[in-house]
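Good morning, and thank you for coming.

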Amino acid sequence: MFKKKLPAIVIFLFTIIHAQAQSPQKLWYKQPARQWTDALPVGNGRLGAMVFGRVSEELLQLNEATFWTGGPVRTNVNPEAFTYLQQIREALLKEEDYSKAYALAKKMQGYYSESFLPLGDITIRQAFKDTTPTAYYRDLDISNAVATTRFTIDGVQYTRQVISSAPDQVIAIRLTASKAGALNLTLGAGSQVPHRKLAISNSELSLQGKAASHIDPNYVRSANPITQDDASGCRGMRFDWRIKATSKDGQVRTDTNGITISNASDVVIYVAAATSFNGFDKCPDAQGKDEKALAAQYIKNAITKNWNSLLARHQADYHRLFNRVQFTLAAPTNNGNAALPTDERLIGYTEGAKDPSLETLYFQYGRYLLIACSRPGGPAANLQGVWNKELRPPWSSNYTTNINVQMNYWPAEVANLSELHEPMIEFVKHAAATGTVTAKEYYHARGWAVHHNSDIWALSNPVGDLGKGDPKWANWALGSPWLAQHLWTHYDYTRDKKFLKEEAYPLMKSAALFCLDWLVTDKNGYLVTAPALSPENEFFDDKGKKGSVSIATTMDMSIIWDLFTNIIEASKALNEDADFRTLIETKRAKLFPLQIGKKGNLQEWYKDWEDPEPHHRHVSHLYGLHPGRQIAPITTPAFADAARKTLELRGDEGTGWSLAWKINFWARLLDGDHAYKVVRDILRITGQAGTNYARGGGSYANLFDAHPPFQIDGNFGGIAGMAEMLVQSHLGEIHLLAALPAAWDSGSVKGLKARGNFTVNMDWIDGQLNGAVITSQAGGPCTLRTAAPITVMGTKATSIADSHGYTTRFNTTKGTSYFVVVRK
């Protein structure tokens with residue numbers, strides 16, 4: 001529309017952006033993986049594999065996203081729970097006896113969550129006369145979603161390629177040799193889960209078995225942590241995974257020991273898997289799907305396609321998502337670190353090397369991981385995405401709903417992967433269904449309640465195995481309003497009013513009903529939560545006693561404020577439910593307000609208490625800064641200053657996901673340099689043998705986030721924070737280069753999304769915006785915030801100065817791009 005008027009520099013800019021994005025982005029290494037966090041992940045949303053790249057005995061560790069222990073949530077597991085609620089409130093509001101409230105809260109717990117399981121292992125044993133390779137190389141090409149291992153032995157080059165295809169629902173492995181007939185190998189299959197092996201044909205092997213009905217979390221000490229069978233015939237899902245090998249010139253034979261391939265030049269291996277999971281509310285055994293038929297059909301469909309066809313379909317599907325965003329930063333004069341293998345590159349970066357292309361690789365790797373572990377129609381990404389090797393994984397590899405599962409989806413909208421948010425939205429619907437029962441049984445409340453742990457069955461009760469859990473994590477009750485934020489966020493980015501009206505608003509309103517019933521009035525007339533927790537943290541009360549159960553924690557009140565605000569805006573957007581909107585406006589005005597403590601920090605608790613652990617990993621009381629919007633330097637400068645003081649007192653150290661949250665906090669405070677410092681912290685190498693970087697939050701050699709151990713939320717939260725450094729839109733305006741650090745002095749980004757369904761392309765030089773293109777996908781008004789005045793070509797918009805730069809407002813037409821030029 002405006003191209004003829006576009007300055008030459010801007011046309012040149014977007015040509016350069018496109019050209020730079022075409023170069024492959026790879027994690028690469030000069031040696032096989034020594035441990036799981038050296039291996040490389042592939043995934044199609046449902047099937048995941050970790051590829052080790054070993055020479056004579058390759059290992060692929062497999063996962064299937066629906067493969068969990070257990071079955072549908074049991075109800076009425078603690079019928080006496082509600083009888084303790086009023087006693088807790090009296091202990092808190094009348095007696096200020098926090099120890100008593102803590103003890104009573106333990107009586108309100110239900111069962112632990114279920115666990116995400118490993119599916120099995122594939123080994124590829126190759127017979128070599130000489131097992132010492134030369135020219136060894138392995139990589140993960142995130143531009144094309146292919147893992148490759150390549151090496152030479154006795155003059156023959158061997159290559160393995162691995163993909164996990166969403167269109168064909170298989171993992172495919174191609175093995176080639178530069179010498180005809182040089183491939184001689186045996187495929188082995190095994191699993192930690194009880195199973196049996198069957199030779200389906202001369203070229204196909206099947207593993208079939210059944211998950212345990214329950215496995216206790218890894219942090220629970222138990223003589224018998226695994227309960228295999230369920231007498232009711234409900235709990236414990238079945239599985240079937242299969243390997244099919246094909247070769248044009250080699251001989252293939254199969255028995256229960258494996259698949260043997262002889263004298264081949266080119267081999268393609270198809271891996272399919274299925275479980276009997278049939279929905280969160282159906283018994284996976286008695287009401288389960290036919291996993292054998294599903295696995296067989298996946299194989300039958302896939303083998304009609306050769307490798308080139310599988311690869312082309314896989315990459316077309318992947319590029320449709322991945323290529324939406326391009327991000328480049330100017331290279332430093334000394335860019336030698338960028339030429340190193342990824343593990344060595346991380347060491348150099350940890351020791352201070354400048355390597356901006358490692359930072360952009362990390363950003364795109366996070367997008368790669370979300371594409372690989374979260375696809376429409378499948379489960380939400382769990383604590384480890386879709387990759388887990390442990391029978392009792394850390395924290396059950398479940399859905400931890402006091403930040404971790406939410407953090408998994410922070411980048412979904414802004415990083416232009418909106419449809420990948422769908423599994424999380426479906427999980428919210430399931431949690432609302434079970435949470436309605438939980439709210440009624442435990443609290444006699446309307447709406448739906450979710451606590452801090454969930455699973456594929458959408459568990460929503462406070463966990464703890466009927467009194468064994470610590471209330472500081474088990475009894476936090478405000479999962480539903482936080483989960484409901486994702487419904488509003490999806491609408492706010494897409495402006496899909498049908499979704500808002502039919503799906504989001506009813507669930508948001510129901511979460512609000514729970515909050516209305518959960519709130520009580522304190523002695524000063526404020527609405528407060530009681531009991532209230534600040535997840536996993538504690539305080540010293542007025543008597544110097546340590547506690548965790550209290551009243552009106554800042555996190556609680558901020559989450560409710562956020563939900564109520566979103567309800568009000570949703571009601572206005574739909575132009576309906578005015579009476580309920582008025583009620584919520586009235587209740588929001590009575591919420592216990594934010595408090596600034598004696599140290600100038602944002603108070604975490606109802607009173608200005610001291611912290612037993614001043615540098616605690618959770619900074620839950622800053623919810624209003626991020627992911628909420630109650631606190632911002634532009635709108636609430638005093639509270640923003642208090643939030644800054646809180647972060648200074650908390651310190652920059654933390655677990656991997658805690659570092660990720662701090663990137664977002666500092667970005668929201670418009671302090672790009674401090675956010676960038678934490679970006680460097682999250683990219684420091686961790687757990688690498690032979691270095692001094694064995695402990696602490698950071699990144700493993702394969703760029704997985706280190707809690708430690710591995711949790712994928714840090715990857716996703718980290719890249720969400722990087723996006724916040726570039727574009728913010730939570731205050732009703734699109735803030736370009738909102739928290740740009742000095743280290744990113746020149747660069748470009750294409751394809752980030754802003755609320756209102758705007759797509760943002762821009763470049764900057766020497767720390768200043770050079771040009772931008774804003775594309776309106778939904779129409780409506782657009783307000784840009786910039787550091788300098790701008791001209792929006794084709795409009796009469798005028799930049800208006802304020803204390804934080806300039807705002808420029810203009811109306812947009814759906815499908816139109818608007819070119820932004822900085823006025824000199």
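Which residue in β37 is the bridge partner of Thr775? The partner is Ser817. Please keep in mind throughout that this is a predicted model.

Let us stay with strand β37, which covers residues 816-822. Its pairing with strand β32, residues 768-776, is antiparallel and runs over six bridges. Strand β34, residues 790-792, is also antiparallel to β37, and three bridges join the two. Here Thr791 is the residue that stands opposite Val821 of β37. The strand is mostly covered, since five of its seven residues are buried.

I turn now to the charged pairs. How many salt bridges does a search of the whole structure find? The search finds 49, and I shall present a few of them.

In one of these salt bridges, the side chains of Asp517 and Arg446 meet, with an N to O distance of 2.9 Å. Asp517 belongs to helix α13, residues 497-518, whereas Arg446 is in the loop between α10 and β21, so this pair ties together parts that lie 71 residues apart in sequence.

A second example is the salt bridge between the side chains of Asp608 and Lys598, at 3.7 Å from N to O. Both residues lie in the loop between α15 and α16, so the pair ties together parts that are ten residues apart in sequence. Asp608 has a relative accessible area of 27% and is therefore partly exposed. Lys598, with 58%, is exposed.

Where is His618 placed? His618 is in the loop between α15, residues 578-589, and α16, residues 637-650. His618 has a relative accessible area of 2%, and it is therefore buried. Its side chain makes a polar contact of 3.3 Å with the side chain of Glu536. Beyond its neighbours within four places in sequence, the residues in contact with His618 are Asn402, Ile403, Pro535, Glu536, Arg650 and Trp657.

Finally, the cysteines. A disulfide, in general, is a covalent bond between the sulfur atoms of two cysteines. The structure holds one disulfide. The disulfide is formed by Cys234 and Cys283, with their sulfur atoms 2.1 Å apart. The torsion about the S-S bond is about -90°, which means that the disulfide is left-handed. Cys234 is in the loop between β14 and β15, and Cys283 is in the loop between β18 and α4, so that distant parts of the chain, 49 residues apart, are linked. Both Cys234 and Cys283 are buried. Two further cysteines deserve mention: Cys373 is buried, with a relative accessible area of 1%, and Cys782 is buried, with a relative accessible area of 1%.

Thank you for your attention.

Definitions and conventions: Residues are numbered from 1 along each chain as its sequence is written. This is a predicted model: local features need pLDDT of at least 70, side-chain atom pairs count only at pLDDT 80 or more; totals for chains, interfaces and linings use all residues. Side-chain values use heavy atoms; hydrogens and water are left out. Helices (H or I, at least four residues) and strands (E, at least two) are DSSP runs, numbered from the N terminus. Buried means under 20% relative accessible area, exposed over 50%, partly exposed in between (1.4 Å probe, protein chains only). A polar contact is a pair of N or O atoms within 3.5 Å; within protein, one must be able to donate a hydrogen and the other to accept it, and residues adjacent in sequence count only if both atoms are side-chain atoms. Contact means heavy atoms within 4.5 Å. Two strands pair if DSSP finds at least two bridges between them. A salt bridge is a side-chain nitrogen of Lys or Arg within 4 Å of a carboxyl oxygen of Asp or Glu. A disulfide is a pair of cysteine sulfur atoms within 2.5 Å.
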